[in-house]
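I opened this notebook to record what I looked up in one protein model. My entries follow the order in which I consulted the structure.

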Amino acid sequence: MSRTYGNFIDGEWTDSQSGETFEVTNPAAAGEVVSVHPASTEADVEAALDAAVAAQDEWASTPGPSRGAILREAGNNLEARKEEATEVLVREEGKTRSEAGGEVQRAIDIFHYYGAKARDFGGTVKSASAPGKDLYTKHEPLGTVALITPWNYPIAIPVWKLAPALAAGNTAVLKPASEAPGVVAIVLECLDDAGLPAGVANTITGSGSEVGGPLIESERIDGVSFTGSTAVGTMVAETAAVDLKRVQCEMGGKNPTVVMPSADIEDAAETVGVGAFGTTGQSCTATSRAIVHEDVYDEFVAAVSDYADSLVVGDGLDDPDMGPHVSEDELSSTLEYVDIGSSEGATLEAGGSRLSGDDYDDGYFVEPTVFSGVENDARIAQEEIFGPVLAVVKADSFEDALALANDVDYGLSASIVTQDLSEGKRFVNEVEAGVAKINEKTTGLELHVPFGGYKDSSTNTYREQGDAGLDFFSSVKTIYENY
Ligand code: NAD
């Protein structure tokens with residue numbers, strides 16, 4: 001059963017002006033069309049911008065508590081539709097029911113969080129250097145912002161951009177990824193039902209170049225918040241910089257977990273395995289390198305390979321341990337990296353193949369895969385695979401492990417498993433990553449603290465989430481008042 005969605009522009013659901021559409025199919029059953037969406041073009045972008053710009057002044061002058069009340073209500077509406085949103089997410093993107101339910105819950109929590117934060121949106125008062133003078137700052141919305149999002153967290157990421165943008169008084173045009181746009185439509189329905197004025201939030205579906213391109217190039221856009229690949233994000237940042245738009249790009253990762261001899265190796269294998277194979281390895285923060293001390297290397301490789309072999313892979317609706325890849329392209333890319341790993345001389349310890357037979361033939365299923373004997377300069381240790389493939393690299397000391405962890409272009413998330421506090425402290429202080437963890441997987445983020453990367457993982461201009469989420473979407477005016 002498939003559903004047909006529209007663009008949400010100026011408070012109305014509309015078709016693309018060309019009338020063209022595209023289909024989203026179920027990655028667990030590729031013959032099944034899940035949904036149909038408008039294939040929009042620049043004309044639709046202009047219509048959405050007309051609406052967003054027209055709605056901006058009134059929304060900016062709406063009191064923060066009133067803006068917040070709408071966001072909270074949107075969160076309540078989404079909570080009431082949690083099961084439906086979870087199912088749409090699983091059928092479009094492929095993750096497991098548990099993973100999808102957790103992601104929808106995160107979106108609900110983010111609405112509630114920024115619903116409350118909208119009350120605090122204001123500024124700070126400082127002591128002036130003369131009597132009869134007030135000195136303070138005032139936070140103002142940027143104006144109209146473009147939000148461009150990837151398919152791998154198709155509800156959490158749009159909401160972690162949209163909620164702070166609206167809380168801060170901006171209007172927005174959101175372009176979700178074409179692989180899984182259905183849950184964004186549900187989010188917009190929840191905002192509409194909560195009483196969001198027409199034009200404040202708009203969403204348009206379509207290709208990156210035909211919708212995203214005109215959006216980031218438009219002179220009517222005051223800020224661009226992008227999450228996706230480093231290749232596209234670099235281009236987005238360059239384009240936005242031409243007319244000095246505020247821009248934030250959060251991009252790829254090649255995240256390591258270091259395992260030291262003091263760790264419980266079974267626990268460490270599970271920590272790494274959950275980080276590597278959860279969401280089918282399709283998280284920007286997925287653990288793709290385990291950097292393991294030589295004293296426990298063989299024991300770790302055996303334990304993490306057993307863990308990989310134990311995982312049940314299947315249709316996300318049945319809530320197995322791991323769902324399919326989102327698309328045939330992503331599956332092919334992962335299988336290509338398996339070939340690259342083998343040709344580079346690494347040892348395939350677990351997985352490595354497309355799953356076949358019975359229901360597997362209908363979808364993009366691959367085995368959780370572990371390579372040992374990986375050199376850190378190998379392509380499978382340097383390039384983002386975005387699939388359930390773990391490269392295990394050997395280190396001969398803590399210093400060596402730290403150097404290997406830092407020896408990549410990316411710097412998103414990193415963790416260490418150790419019972420030695422000084423190793424843990426040194427690691428979080430010296431690792432080049434925007435998120436650093438002790439005794440935890442590289443995936444998993446709390447919503448009220450900043451998130452973003454170092455190096456090629458981010459433009460490193462602003463962080464997302466928490467207070468930092470509001471910072472990106474606001475300008476600070478400093479006011480000197482003499483009386
Ligand atoms: P992608 O870069 O292919 O696409 C991201 C978005 O950009 C999509 O909406 C796409 O349609 C749009 N786009 C594509 N070409 C465009 C163009 N020319 N102009 C404007 N927009 C364009 O990424 P993806 O495949 O959807 O997502 C996977 C990537 O996202 C991975 O690299 C992953 O690491 C990264 N990611 C990063 C984070 C983070 O917070 N750092 C979070 C999730 C995913």
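**Entry 1: conventions.** I note that the model is predicted, that local features need pLDDT of at least 70, that side-chain atom pairs count only at pLDDT 80 or more, and that totals for chains, interfaces and linings use all residues. Residues are numbered from 1 along each chain as its sequence is written, and side-chain values use heavy atoms, with hydrogens and water left out.

Entry 2: I looked up the strand order and found an open sheet of seven strands, 15-16-17-14-13-19-20, with mixed pairing. Strands (E, at least two residues) and helices (H or I, at least four) are DSSP runs numbered from the N terminus, and two strands pair if DSSP finds at least two bridges between them. Strand 15 (347–350) and strand 20 (435–438) are the edges, each pairing on one side only. From one strand to the next the twist averages 20°; axes are lines fitted to C-alpha atoms, for helices over the stretch in contact, and angles run from 0 to 180 degrees between N-to-C directions.

Entry 3: Strands of a sheet pair through backbone hydrogen bonds, either parallel or antiparallel. Strand 15 pairs with strand 16 (residues 369–372) in the antiparallel sense over three bridges, and Ala350 stands opposite Val370 in strand 16. Strand 19 and strand 20 pair in the parallel sense over four bridges, with Ala414 opposite Ala436 in strand 20. I then traced strand 19, helix 14 (residues 421–430) and strand 20, which make a right-handed β-α-β unit. Right-handed means that, with the strands pointing away from the viewer, the path from the first strand over the helix to the second runs clockwise.

**Entry 4: side chains of strand 20.**

**Entry 5: Glu440.** I found Glu440 in the loop between strand 20 and strand 21 (454–455). Why is Glu440 classed as partly exposed? The class applies because its relative accessible area is 39%. Not counting residues up to four places away in sequence, Glu440 touches Thr271, Ser415 and Ile416; contact means heavy atoms within 4.5 Å. A polar contact of 3.0 Å joins the side chains of Glu440 and Lys437. Such a contact is a pair of N or O atoms within 3.5 Å; within protein, one must be able to donate a hydrogen and the other to accept it, and residues adjacent in sequence count only if both atoms are side-chain atoms.

**Entry 6: helix 9.** The 13 residues of helix 9 (residues 265–277) should span 18 Å at 1.5 Å a residue, and its end C-alpha atoms are 18 Å apart, which agrees. The expected span is 1.5 Å times one less than the number of residues. Asp264 caps the N-terminal end of helix 9, with a side-chain oxygen 3.1 Å from the backbone nitrogen of Glu266. The buried residues of helix 9 include Ile265, Val272 and Phe277. Among the partners of the buried residues are strand 13, strand 14 and helix 10.

**Entry 7: helix 3.** Helix 3 (residues 82–93) has twelve residues and reaches 16 Å from its first C-alpha to its last, close to the 16 Å expected. Just after helix 3, Gly94 takes a positive phi of about 100°.

Terms used. Buried means under 20% relative accessible area, exposed over 50%, partly exposed in between (1.4 Å probe, protein chains only).
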